[in-house]
Amino acid sequence: MIIRRFKAGDLSLIKLQDAQAYFSGEVASPDYAATLEHSGQAFTGVHGGEVVCVAGCANVWEGRALAWAFVSPAAGACIVTLHRAVAGFLAQAQYRRIEAIVDDGFEAGHRWMRLLGFRLETPDGMPGYLPDGRKTFLYARVR
């Protein structure tokens with residue numbers, strides 16, 4: 001897998017996993033992609049010539065960021081390498097607090113947060129968090 005700096009155009013190249021398919025409208029938006037490119041630190045993972053992951057941290061304010069990731073079903077072939085890349089990225093990130101939101105029922109996402117050293121801060125979830133009213137959970141990694 002090749003890891004490189006994220007560019008806004010990378011977002012339109014990723015085929016989203018089923019659990020993130022509802023984001024397809026945002027992924028198609030050049031404005032959304034440009035915001036992600038310029039809002040913090042981010043990278044793109046390419047495997048076999050295909051974009052399999054785009055991920056990063058968007059600045060909230062000094063010392064605090066919101067982690068985000070879009071992952072392709074094709075990432076399964078290189079998930080260990082991808083996990084190591086994300087763990088390394090988080091380890092070097094210059095934030096005191098990094099938060100991540102995971103959808104209700106997305107067990108792979110919850111498991112990945114725990115493996116990356118995030119702690120669940122909302123055990124009862126956050127009802128109505130998403131535009132369609134679905135519940136999410138807040139994880140944080142604090143130095």
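Predicted model: local features only at pLDDT ≥ 70, side-chain atom pairs only at ≥ 80, totals over all residues.
**Entry 1: the pocket**

I looked up the largest pocket and found a volume of about 1,100 Å³. I then asked which residues lie nearest its centre. They are Gln20, Ala67, Trp68, Ala69 and Ile101, out of a lining of 48 residues.

I sorted the lining residues by type: 33 are nonpolar, ten are polar and five are charged.

**Entry 2: helix 4**

I checked the length of helix 4 against its 14 residues. At 1.5 Å a residue the helix should span 20 Å, and its end C-alpha atoms are 20 Å apart, so the two agree.

I also looked up which residues of helix 4 are buried. They are Leu82, Ala85, Val86, Phe89 and Leu90. Viewed down the axis of helix 4, these buried residues fall within an arc of 130°, so they line one face of the helix. I noted the general rule beside this: an α-helix has 3.6 residues a turn, so residues three or four places apart point the same way.

**Entry 3: aromatic pairs**

I searched the whole structure for aromatic pairs and found four. I wrote up two of them.

One of the pairs is Tyr32 with Phe70, which is edge-to-face, at 6.4 Å centre to centre and 70° between the planes. Tyr32 belongs to helix 3 and Phe70 to strand 4, so this pair ties together parts that are 38 residues apart in sequence. Are these two residues buried or exposed? Tyr32 is partly exposed, with a relative accessible area of 26%. Phe70 counts as buried, at 2% relative accessibility.

Another pair is Phe43 with Phe89. Phe43 lies in strand 2 (residues 40-47) and Phe89 in helix 4, so the pair ties together parts that are 46 residues apart in sequence. Phe43 is buried, with a relative accessible area of 5%. Phe89 has 12% relative accessibility, and it counts as buried because the cut-off is under 20%.

**Entry 4: the cluster**

Last, I looked up which residues form one aromatic cluster. They are Phe6, Tyr32, Trp68 and Phe70. Of these, Trp68 was already in my notes as one of the residues nearest the centre of the largest pocket.

Methods. Residues numbered from 1 in each chain as written. Heavy atoms only, no water. 1 Å grid on protein atoms, 1.4 Å probe; cavity = no way out; pocket = protein on both sides within 12 Å on 5 of 7 lines; lining within 4 Å. Points joined across faces, edges and corners; volume = space filled by probe spheres on them. Nonpolar A, V, L, I, M, F, W, Y, C, P; charged D, E, K, R; others polar. Helix = DSSP H or I, 4+ residues; strand = E, 2+ residues; numbered from the N terminus. Expected span 1.5 Å × (residues − 1). Buried < 20%, exposed > 50% of the residue type's maximum accessible area, 1.4 Å probe, protein only. Arc of directions from axis to C-beta. Phe/Tyr/Trp six-rings, centres within 6.5 Å; stacked < 30°, edge-to-face > 60°.
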